[in-house]
Amino acid sequence: MRQEATDSTRTRRGPATRERILQAASELFYAEGIRGTSADRIIARVGITKVTFYRHFPTKSDLVVAYLQQQAAGERTWFSSLRTAGDPTGSLRAIAAGIGAASCTPGFRGCAFINAAAEFSDPQDPVRTVVDEHRRWMLDEFAAIATEAGVPDPATTARQLMILRDGAMVNGYLGHSTSLQESLSAAFDSVITAATR
């Protein structure tokens, strides 16, 4: 009977503990860098034992991958919510507005995926795999927008839009966020206009 209660408690608390670890890691990784944040720091913030931490994430790399997968899911939901079928210009303007708004929030440090790639140079690292998968997804989304706009070479236009997006994220982090939305929107418009001529 007692063992059953313990198992039941562990089952109930397991997902909640994992989420608390992931939440603490997300905050610290984004604010202070992945390599600059030790597992011990996350353990202390969550208030758990090392055994509990490593039960959920056997290695720090597992935690970093989970963090980036969570970031990717959030960004995909956000990005998809801004897409209006049949309105590529409106979609790009909404994306520009979203990036502009995000870059003005306290604690903004740019793109979590660019930041992670800067810390993990090995292209075979599982962290880079998650980064690359997400960036491929985003390129595909930009290509779909370019296709809707009637661009003859959507892949090239998608790469140009991605470069603008990346630059805007860095620009916002470096403190030039006040006019970022307008500048990015105008740049997106210019790329689409030039590509359809």
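Glutamate 27 is partly exposed at 38% relative accessible area, where buried means under 20%, exposed over 50% and partly exposed in between, with a 1.4 Å probe and protein chains only. Its side chain meets that of arginine 45 in a salt bridge, 2.9 Å from N to O. By salt bridge I mean a side-chain nitrogen of Lys or Arg within 4 Å of a carboxyl oxygen of Asp or Glu. Glutamate 27 sits in helix H1 (residues 2-32) and arginine 45 in helix H2 (residues 39-46), so the pair ties together parts that are 18 residues apart in sequence. Arginine 45 is also partly exposed, at 45%.

Two housekeeping points. This is a predicted model, in which local features need pLDDT of at least 70 and side-chain atom pairs count only at pLDDT 80 or more, while totals for chains, interfaces and linings use all residues. Residues are numbered from 1 along each chain as its sequence is written, and side-chain values use heavy atoms, with hydrogens and water left out. As for the helices, they are DSSP runs of H or I, at least four residues, numbered from the N terminus.

How many salt bridges does a search of the whole structure find? Nine. One of them joins glutamate 141 and arginine 83, at 2.8 Å from N to O. Glutamate 141 lies in helix H7 (residues 126-148) and arginine 83 in the loop between H4 (60-82) and H5 (88-103), so this pair ties together parts 58 residues apart in sequence. Here glutamate 141 is buried, at 16%, whereas arginine 83 is partly exposed, at 22%.

Next, aspartate 189 and arginine 93, with their closest N and O atoms 3.0 Å apart. Aspartate 189 is in helix H9 (residues 180-195) and arginine 93 in helix H5, 96 residues apart. Both are partly exposed: aspartate 189 at 23%, arginine 93 at 43%. Elsewhere, salt bridges with shared partners join Glu75, Arg135, Arg165 and Asp166 into one network.

Now the core. The largest nonpolar core has 55 residues; such a core is a set of buried Ala, Val, Leu, Ile, Met, Phe, Trp, Tyr and Cys residues joined through side-chain atoms within 4.5 Å. Those with the most contacts inside it are Ile42, Leu63, Leu68, Ile95 and Phe142. Helices supplying at least two residues each include H6 (112-119) and H8 (154-173).

What does leucine 68 touch, leaving aside its neighbours within four places in sequence? Leucine 68 is in contact (heavy atoms within 4.5 Å) with Ala112, Phe113, Ala116, Val127, Val130 and Val131.
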